[in-house]
Amino acid sequence: MKFTKLIGAALILTSVSAVAGKEDDVLATMAIQRANFSVEQAIEKVSSDYAQYIIEFEIDDHHNQATYEIEAINFETQEKHKLELSLEDGAVLKEEKKNLKYLMVNRLDDDELQALEELKASNFELGKTIAQLKQKYNAEVFEFELENEKGITFYKFKLMNEQGPKRVIVDIKTGNVLPVMKY
Amino acid sequence: MASVTEWWKTVKQARSIWRLTFLYTGLLLAVVIVLLVVLFQLSIGQMSRQQHLQMDNIIQQQTQLAQQLNNDEFIAQFKLQAESSRQYLLTYQTQSKMIGRLNSIPSNLSQCSKLARFPIWLDKYEEIRLISGCSQSLPDGLLIIAIDDEYLYDLKGQFITASMIALCLALLMGLITGLIFSTRVLKRINSINKVALRVESGQLSARIAVSKHNDEYDHMALHINTMLNQLQHSFETIAGITDAIAHDLRTPLGHLRQQLESEIEANLKHNLPSEQLQSMLEKLDEILFTFSAMLELTRLQQQQEQKSQHFKTVNLQQIMVDAVDLIEPLTEEKQQIIKLKSDLEVSIKGDASLLFRAVYNLLENASKYAGDKATISLQLTKNGFIVSDNGPGICDSEKDKVFQRLYRIEKSRQIAGFGLGLTLVKAIIQLHNGSIKLLDNNPGLSVQVEFSQ
């Protein structure tokens with residue numbers, strides 16, 4: 001009897017957290033729609049002022065204020081930057097940077113390093129791709145990250161439109177959207 | 001430089017061992033490769049071929065259906081087919097919509113039945129899959145058929161890795177076992193060669209060691225040893241006969257010589273002509289000289305071991321200077337130029353008087369056969385010496401024959417000689433563990449002597 005209760009509680013928690021996750025995505029999209037400083041502008045600012053290669057992007061909050069949380073790599077200085085930019089005016093609210101190497105050991109794993117090397121070698125334009133995705137899917141890009149899997153380096157974008165959240169994978173080598181298996 | 005030369009000599013000696021080893025290893029690798037290819041074709045190759053066959057069947061079936069059914073009917077059956085097929089990912093693209101498992105067309109798709117690999121995203125498992133597929137044009141759209149063959153590729157990769165390891169092991173095993181086998185075989189062949197070389201240099205008592213294995217090599221060694229016993233016996237018999245003849249004939253010939261000398265003296269006292277007797281005496285001296293040379297040759301060829309025990313360090317440079325001094329009157333008589341190049345200090349273990357005879361004989365031969373106004377050169381080398389001239393030389397077919405006893409080249413028969421000079425020189429050089437070669441000097445002859453000590 002006790003065991004059945006526990007399972008029931010776990011199922012409720014799971015469904016609550018799933019709904020909470022969806023709510024977060026909706027809130028993030030709403031924040032972007034209301035922002036004065038766009039995602040493209042944030043990317044442009046970080047790329048030109050801090051580090052060229054952006055590996056992660058999401059919406060976070062800083063003292064109850066929505067921010068763009070962006071992680072980027074600067075190969076020249078061998079540093080990893082973590083920045084929080086205001087959605088209002090693009091002001092840098094928080095800045096952290098770490099050396100890529102700590103005690104001669106690289107903080108990035110092999111997949112991350114390969115992904116960055118391929119990104120460096122490619123002609124991929126992140127800002128342009130985001131603009132194209134927004135137009136193609138009539139959606140807002142509210143989260144993305146750079147990944148490497150099975151030798152393929154790609155950006156995993158999360159988009160939100162009227163139909164709900166959507167995952168779009170873009171191969172950085174070809175710039176093409178990967179097909180998704182439906183079922 | 002010297003170490004490189006030594007290394008190269010070792011390499012040349014070891015070449016047979018490696019040739020056998022490589023041959024054996026090559027055969028072993030070939031067998032392993034054939035086995036791996038067969039294994040691959042019967043396992044992964046077969047699975048891959050079956051997949052292709054099934055894909056071809058589906059393409060054929062859908063093409064036929066597309067021709068037989070109208071577009072709506074075709075789409076309805078395609079939906080059912082795409083949903084029911086778990087192994088194959090079927091997608092159909094019309095002008096307005098995508099039906100089936102994939103939501104878009106991959107970029108690098110090729111025409112069926114040529115397959116292309118491309119990545120797709122699995123939302124359910126949040127992962128990338130690499131699949132193989134192709135596209136086929138149908139009357140009202142494009143059919144895309146693909147298969148998730150990642151496991152087959154992984155299997156191929158594992159097979160290749162395992163094959164590489166197997167080949168490396170086979171290579172290692174082949175080299176080790178081949179080397180051991182070749183070394184053992186060639187060691188025994190080389191021991192036979194060494195004995196043959198010793199016999200060739202005059203040590204007729206040399207015999208091949210026979211092992212306890214009683215194998216083919218031992219049988220061969222026994223046969224060769226028996227042959228050598230017979231050969232030694234024959235040589236000893238011939239030597240004995242030669243010695244006996246020489247001893248038996250030398251005494252009466254000596255007496256004959258004394259009588260001739262006495263007769264010549266008597267004739268001279270009585271002012272009688274003695275030219276004929278003088279000529280007879282000269283002929284007799286030639287016979288006696290030939291006997292002495294033959295006896296010495298036999299001794300040299302058979303008493304190598306005893307002789308080499310009494311060898312002392314000899315300065316070759318000094319011997320060459322002395323030999324040139326002695327030959328100079330003869331060369332001046334023929335207006336020949338003799339050049340001596342002896343900048344090196346070369347010493348060997350040997351018999352100085354025999355070596356002197358060898359050098360002198362070669363110079364004498366050069367002076368005798370090179371002709372008037374010829375240039376004769378004697379050069380000391382690191383391991384021996386070279387006597388060369390610019391005379392008529394010796395043709396290739398006769399270069400080996402001139403070392404035989406009493407052999408004379410046809411065109412030189414008018415020049416005095418017994419055909420024992422070069423035979424004696426060769427015997428002396430072999431007694432000193434050396435080799436003698438006759439080479440073309442273009443023009444003339446070059447006699448190259450090298451000592452291995």
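I began with helix α7 (residues 316–333) of chain B, which lies across β7, β9 and β10 of chain B and runs at about 175° to β7(B). Helices (H or I, at least four residues) and strands (E, at least two) are DSSP runs, numbered from the N terminus. Angles run from 0 to 180 degrees between N-to-C directions, the axes being lines fitted to C-alpha atoms, for helices over the stretch in contact. I then noted that helix α9 (residues 421–431) of chain B packs on the sheet, touching β11 and β12 (445–451) of chain B; contact requires C-beta atoms, placed from the backbone, within 7 Å. The direction of α9(B) makes about 135° with that of β11(B).

The model is predicted: local features need pLDDT of at least 70, side-chain atom pairs count only at pLDDT 80 or more, and totals for chains, interfaces and linings use all residues. Residues are numbered from 1 along each chain as its sequence is written, while chains are lettered from A and ligands numbered from 1 in the order in which they are written.

I read the strand order of the open five-stranded sheet in chain B as β7-β9-β10-β12-β11, with mixed pairing. Strands β7 (337–341) and β11 (434–440) of chain B stand at the edges with a single partner strand each, so one side of each lacks a neighbour in the sheet. Two strands pair if DSSP finds at least two bridges between them. I found β9 (residues 375–380) and β10 (residues 384–389) of chain B paired in the antiparallel sense over five bridges.

Lastly, I located A131(A) in helix α4 (residues 126–137) of chain A.

Technical notes:
Two residues are in contact if their C-beta atoms, placed from the backbone, lie within 7 Å.
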